[in-house]
Amino acid sequence: MSMNNQGRPTGTGTSSYAASSGSALLPNEPLLFEIGDIEHSGVDLPEVEISLDRLGGFERKSALDLAGLTEPEAMRHYVRLSRLNHSIDSGMYPLGSCTMKHNPRLNEKMARLPGFSDIHPLQPVSTVQGALELMEELSHWLMTLTNTAAVALTPKAGAHGELLGMMAIKAAQEAAGQSHRRIVLVPESAHGTNPATAAFLGYLVKPIPARADGTVDVQAVKDALSPDVAAIMLTNPNTCGLFEPQVIEIAEAVHAAGAFFYCDGANFNAIMGVVRPGDLGIDAMHINLHKTFSTPHGGGGPGAGPVVLSEALAPFAPVPFVRKGENGLELVEHAEGSALGRVTAFHGQMGMYVRALTYMLSHGGDGLAQAAQDAVLNANYIKARLAHAFSVPFGDYPTMHEALFDDSFLQGTGVTTLDFAKALIDEGFHPMTMYFPLVVHGAMLIEPTESESKQTLDRFCDVMEELAADAKAGNKERFTSAPVKAPRRRLDETRAARSPVLRWERPVEALKAAE
Amino acid sequence: MRYLPHSEAERAEMLGIIGAVDIDALFSAVPSRALKSFDLGLPAHSPEFMVEAHMKALAAKNHAGADGPFFVGAGAYRHHVPATVDHLIQRSEFLTAYTPYQPEISQGTLQMLFEFQTQVAKITGMDVANASLYDGSTGTAEAVLMARRLTKRNKIVLSGGLHPHYRDVVKAYLKDDADLECLSASPEGQGDILDHIDEQTAAIVVQTPDFYGHLRNIKTAADAAHAKGALLIVVITEVVSLGLLEAPGALGADIVVAEGQSIGNALNFGGPYLGLMATRKEFIRQMPGRLCGETVDTEGQRGFVLTLSTREQHIRREKATSNICTNSGLCALAFSIHMALLGEAGFKRLARLNHANACKLADALAGVQGVEVLNKSFFNEMTIRTRQPAAELVERLAARGILAGVPVSRLEPDDASIANLIVLAATELTTDGDIATLCAALAEELQ
Amino acid sequence: MTTKFTPDHEYIRVEGFTGVVGITPYAQEALGDIVFVELPEIGKVLKKGDEAAVVESVKAASEIYAPVSGTVTEVNSALSGEPGLINSDPEAGGWIYKIEIADAGEIEGLLDSDAYAELTL
């Protein structure tokens with residue numbers, strides 16, 4: 001049965017090899033279902049006879065219709081697909097708040113050692129002492145860098161860590177008879193996960209307005225505090241790329257009101273080895289191993305979001321955790337007392353622990369501090385070079401690891417932040433983060449990270465200056481039609497959302513032909 | 001430091017252009033008592049070969065799956081991953097890309113996700129699947145919340161055959177929730193979940209093959225749930241089973257959650273793994289997680305975008321369907337490549353091979369004095385009762401180089417009635433020699 | 001028949017004891033292409049200012065509040081298949097729901113078309 005290249009009802013005639021509008025090296029690639037069929041396979045496995053006696057009558061009767069590819073076909077399909085992606089390895093990726101730094105390949109090599117990759121989470125603890133030792137060592141680094149009392153390694157990603165941290169706060173307050181605390185303070189500039197997490201746990205979210213300089217006012221926090229406030233969720237450095245200058249006073253006020261200080265550690269890369277969040281008075285903070293500690297973003301995960309905890313919250317850490325026992329390291333897998341239980345099966349993202357620890361050992365304490373300082377240096381360099389051509393909303397302080405611009409420099413040009421960002425694609429750069437933080441109009445948030453050389457930064461700034469000049473010169477078309485050199489022009493997101501097509505269906509004419 | 005491009009001269013030049021006297025001037029907003037006020041006491045930076053030696057020494061202290069007979073399953077399975085899979089997921093363009101928010105330069109990731117969603121929908125027999133969640137356990141908790149949103153009811157009943165970790169995660173997500181009923185462990189495949197469905201029930205959660213390996217009757221569960229207006233959530237921890245067993249979608253499941261690790265992903269001591277979630281078309285808007293959809297660009301070319309993102313936290317903030325931000329992109333890619341390599345023919349062969357080896361294992365175990373196999377039905381996993389406490393027995397076998405499975409007491413420490421139970425799995429990697437070695441050792445230990 | 005407005009860009013066209021609620025042309029322009037509308041349930045009792053419906057564009061979800069208190073009597077189910085009606089015809093074919101007005105006095109407190117026009121200048 002051959003059903004290759006039949007086209008699709010919604011495919012507007014572009015699914016064949018021939019109708020490529022891509023260049024020689026950027027091919028259009030059909031879907032694997034349009035290339036393969038149910039007979040092809042790239043895996044040789046013996047055919048065995050089985051009896052159905054032990055399947056309880058539940059054997060599959062419905063069709064699978066799952067296309068397969070032989071190995072050379074698969075290799076080509078995925079290599080061709082990969083070429084349609086921008087990546088850190090192929091060009092600068094200045095996405096604010098995402099910390100797109102270099103991903104060392106030693107990390108990958110270490111994660112694939114069979115002693116880490118080929119061990120089962122439920123094999124006897126006596127047979128995985130090296131894995132537990134690694135978790136201990138990673139915990140030591142995280143607690144040392146943050147000056148905190150404990151760390152829960154298991155969360156699967158930043159948002160998951162945030163959820164866990166807030167669950168620990170809730171558990172601690174319930175244990176202390178403080179369940180009436182139902183309000184969580186969240187600055188307006190916060191990332192959307194913060195209010196989402198607080199609301200998920202049943203808290204009422206009370207926004208704290210930003211000051212004109214982009215930071216949080218300790219007085220505004222004090223005014224919002226009451227005996228009903230459970231916690232503040234504060235990002236520091238904040239989403240505008242600024243270090244909160246009053247963070248210690250805010251922490252003191254929050255603690256004086258009997259509430260906890262949850263710090264969103266998304267921007268820890270700016271301060272690792274230079275400032276310890278524990279010294280600022282935080283009670284819980286998640287650390288995105290996939291940002292700060294270079295585990296690959298992988299096109300959207302997997303991440304890892306360990307949470308460091310203060311002395312007060314340490315008893316409310318989830319299981320499992322590692323502790324020293326008589327016969328080596330033990331894994332505590334069951335909740336005792338009022339601990340909050342388990343937030344994921346097994347022990348968290350071991351593959352990410354290996355990569356992050358490899359990264360830490362490579363840098364050492366000195367290298368991590370140098371990396372943070374270089375990240376801050378690079379952001380300030382971009383800000384200094386572009387300040388004359390762009391508009392800087394909060395220009396009074398040095399920035400931390402991100403440079404933030406607003407869109408007032410585009411006023412009257414007919415070019416939007418989105419258009420400007422798309423034009424950057426044609427120049428070979430990934431766009432910056434746009435329209436975030438929400439407190440800045442038409443925000444452009446640029447995070448170069450420490451991985452970019454001065455040469456790359458200069459080229460980026462040259463391109464940015466040239467684009468700004470061109471926008472101001474009235475060359476609107478270049479921006480509104482961008483990108484023109486990417487594998488695709490702008491995509492119709494309205495169409496995608498109004499009548500969602502979320503999977504491939506065999507074309508109707510092919511089904512008829514098969515009958 | 002090999003990862004940092006600047007020379008000291010370049011740093012000085014850049015500070016000059018910024019107009020800062022030194023690097024500390026850029027940290028002027030930091031309260032002085034908190035800036036570099038400490039000695040970390042951490043080791044200094046290290047050459048690659050020294051880091052490698054350190055990590056290898058740690059890895060060497062672990063007993064890897066390939067080091068001896070291996071029968072550990074219980075929610076994570078040791079399967080062969082083709083070399084092609086691991087090579088392709090290390091392509092720079094997949095490995096070091098971010099979430100595909102700029103679709104014009106992310107079609108590789110997006111098309112892959114569209115293919116992945118299609119594969120997941122097909123194997124589960126459901127209309128649509130999302131672009132993956134963290135793992136099966138958190139996916140189960142998300143499915144429970146989704147069912148509550150859909151039905152506007154609260155009661156949730158978890159089958160006694162649900163993986164205990166999954167149950168514990170649901171408990172943590174629904175902390176102190178009186179509407180959560182967790183039925184007691186059912187190692188014999190027994191269960192009375194159908195008696196617990198009433199007009200307040202949002203969903204029942206049934207795993208098949210269940211934690212103890214038994215195959216559950218999904219059709220009966222679906223009919224009973226639907227009769228009361230409740231939903232059926234089917235959980236699958238061994239996704240290879242779908243190559244041989246009927247798709248839950250064909251039996252009436254409303255939401256299917258699966259752990260996708262078995263396809264394309266190594267054991268990795270428990271993570272990163274891959275949550276699969278699929279549902280009916282009409283439930284899409286209440287499904288958490290990212291979704292990739294097909295559309296066209298301004299020139300009419302087919303392309304893909306993340307869509308229906310208004311359900312997500314970065315837009316809905318406190319009204320989002322979930323606080324989830326990340327999917328498990330690279331694990332989804334590994335799954336999708338492995339599944340494409342298998343194809344229908346390979347996937348079915350793989351499933352049959354797993355079942356055939358499990359049958360051999362069950363027959364051999366049944367022949368060991370002092371061992372009782374509890375399963376009448378199974379896919380590739382089963383539970384045995386031995387005449388000794390399981391935890392110590394498994395430990396003694398490990399000392400002999402045999403990883404003999406999971407003592408149920410490790411996950412259910414408070415239930416004395418299951419202290420002698422072991423869950424064992426066989427896969428395509430299990431050899432006749434492994435089975436013979438295990439059974440001989442068991443016979444000796446149980447004498 | 002009068003039409004009144006809220007500062008949140010809902011309109012209510014009063015026809016006897018019934019009000020027809022939608023969003024203004026200005027609001028649909030600001031939101032961009034509407035891709036989904038979450039309609040209220042018929043029979044739902046709303047207080048003035050309650051969240052009654054949600055309209056979603058590609059990038060934003062916006063709550064539609066009840067301009068006055070009352071009971072939902074009818075919803076525009078055409079929007080389920082064709083949410084773009086809100087863009088193409090916000091004041092006629094793109095209406096969202098009808099409400100039985102509980103307190104006619106609340107109508108007086110809303111903006112008239114001149115006051116609303118001034119607000120959106």
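The questions and answers below set values computed for this structure against the definitions behind them.

The model is predicted, so local features need pLDDT of at least 70 and side-chain atom pairs count only at pLDDT 80 or more, while totals for chains, interfaces and linings use all residues. Residues are numbered from 1 along each chain as its sequence is written, and chains are lettered from A, with ligands numbered from 1, in the order in which they are written.

Q: Why is Ser117(A) called buried?
A: A residue is buried if 20 or more other C-beta atoms, placed from the backbone, lie within 10 Å of its own, exposed if 12 or fewer do, and partly exposed in between. Ser117(A) has 22 C-beta neighbours inside 10 Å, and therefore counts as buried.

Q: Where does Ser117(A) sit, and which residues does it touch?
A: Ser117(A) is found in helix H4 (residues 114-117) of chain A, where helices (H or I, at least four residues) and strands (E, at least two) are DSSP runs numbered from the N terminus. Contact requires that the C-beta atoms of two residues, placed from the backbone, lie within 7 Å. Leaving aside residues up to four places away in sequence, Ser117(A) touches Ala111(A) and Arg112(A) as well as Ala266(B), Leu267(B) and Asn268(B). Along the chain, Ser117(A) and Gly351(A) are 234 residues apart, yet their C-alpha atoms are separated by 7.2 Å.

Q: What makes chain A as compact as a globular protein of that length?
A: The radius of gyration is taken over C-alpha atoms, and the globule rule is 2.2 Å times the number of residues to the power 0.38. For the 515 residues of chain A that rule gives 24 Å, and the radius of gyration of chain A is 26 Å, which is close to it, so chain A is as compact as a globular protein of that length. The C-alpha trace of chain A spans about 75 × 75 × 45 Å along its principal axes, and its secondary structure comes to 16 helices and twelve strands. Of the residues of chain A, 61% count as buried, and among its contacts between residues at least 6 apart in sequence, 72% join residues at least 24 apart.

Q: What makes S5(C) and S8(C) a pair of strands?
A: Two strands pair if DSSP finds at least two bridges between them. Strand S5 (residues 45-46) and strand S8 (residues 70-75) of chain C are joined in the antiparallel sense over two bridges, with Leu46(C) having Gly70(C) as its bridge partner in S8(C). S8(C) is also joined by five bridges to strand S9 (residues 97-101) of chain C, again antiparallel, and there Val72(C) stands opposite Ile99(C).

Q: How do you know which residues of domain 1 and domain 2 of chain B face each other?
A: The domain bounds come from an automatic or database domain assignment, which for chain B gives domain 1 (65-81 + 344-445) and domain 2 (83-339). By the contact criterion, 31 residues of domain 1 are in contact with 31 residues of domain 2. Helix H10 (329-366) of chain B gives the most to the domain 1 side, with seven residues. The centres of the two domains, taken over C-alpha atoms, are separated by 27 Å.

Q: What makes up the side of chain A that touches chain B, by residue class?
A: Here Ala, Val, Leu, Ile, Met, Phe, Trp, Tyr, Cys and Pro count as nonpolar, Asp, Glu, Lys and Arg as charged, and the others, Gly among them, as polar. In this contact 176 residues of chain A meet 169 residues of chain B, and helix H11 (residues 350-386) of chain A gives the most to the chain A side, with 21 residues. That side divides into 85 nonpolar, 60 polar and 31 charged residues.
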